[in-house]
Amino acid sequence: MQAETLSLEMDLAQSFLVQHPAEAAKALEKSPLPDIIRHLESEAPQNAASLLERLEPDAAAKAIAGLPDEPTRAVLPLMNPGRLAVLLTRLDDDIRAQNLSLLDAALGEELQRIMTYPPDTAGALMDPRFSIY
């Protein structure tokens, strides 16, 4: 019975995250940083990316800084590059360089380019990805 209850709770939490990612991020922000990092590690990469994009910027940057290499490699490429660049600029230079080194070279270059724009300009805020219709 306890296993069924735990499974139901996990299913409900997963549904909440997928259907209400902003609210899930707000709830997660109330947790201590080590718990946030553990939760991000336990999520599917796309869900973790969605949460990181919605966390308060300081909390998201600290979580990125604390993620181990493997989740970093899986999660960061799934984030909006403009949002990710903003978060990476909040990191110390060494930690930012370490995170960039874990990414595909093309994405790393794109993020470096975005980070050269002054804050609060269109270049810094843009999403450089485009869709073909």
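Predicted model: local features only at pLDDT ≥ 70, side-chain atom pairs only at ≥ 80, totals over all residues.
**First stop: H2 and H4**

Begin by selecting residues 21–29, which form helix H2, together with residues 45–54, which form helix H4, and look at how the two pack at an angle of about 75° with their axes 9 Å apart. Angles of 65 to 115 degrees count as roughly perpendicular, and H2 and H4 are therefore roughly perpendicular to each other. To see the contact itself, show the side chains of Pro21, Ala22, Ala24, Ala25, Leu28 and Glu29 on H2, and then those of Ser50, Leu51 and Arg54 on H4.

An α-helix has 3.6 residues a turn, so residues three or four places apart point the same way.

**Second stop: H5 and H7**

Next select helix H5, residues 57–66, and helix H7, residues 81–88, whose axes come within 9 Å and cross at roughly 80°. That angle makes H5 roughly perpendicular to H7. Here Pro57, Ala60, Ala61 and Ile64 of H5 meet Arg83, Leu84, Leu87 and Leu88 of H7, and the residues of this contact between H5 and H7 divide into seven nonpolar, no polar and one charged.

Which residues of the largest nonpolar core touch the most other members? Select Leu40, Leu52, Ile64, Leu88 and Leu111, which hold that position among the 31 residues of the core. The elements that give two or more residues to this core are H2, helix H3 (33–42), H4, H5, H7 and helix H9 (105–115).

Centre the view on leucine 111, and, setting aside residues up to four places away in sequence, you will find that leucine 111 touches Pro81, Leu84, Ala85, Leu88, Leu100 and Leu103.

**Last stop: leucine 103**

From there move to leucine 103, which lies in the loop between helix H8 (93–101) and H9. Is leucine 103 buried or exposed? Its relative accessible area is 9%, and because buried means under 20%, leucine 103 counts as buried. Apart from its neighbours within four places in sequence, leucine 103 is in contact with Thr72, Leu76, Pro77 and Leu111. Finally, draw a C-alpha to C-alpha distance from leucine 103 to leucine 76, which are 27 residues apart in sequence and 7.8 Å apart in space.

Conventions: Residues numbered from 1 in each chain as written. Heavy atoms only, no water. Axes fitted to C-alpha atoms, helices over the stretch in contact; angles between N-to-C directions. Helix = DSSP H or I, 4+ residues; strand = E, 2+ residues; numbered from the N terminus. Parallel < 35°, antiparallel > 145°, perpendicular 65-115°, else oblique. Contact = heavy atoms within 4.5 Å. Nonpolar A, V, L, I, M, F, W, Y, C, P; charged D, E, K, R; others polar. Core = buried A, V, L, I, M, F, W, Y, C linked by side-chain atoms within 4.5 Å. Buried < 20%, exposed > 50% of the residue type's maximum accessible area, 1.4 Å probe, protein only.
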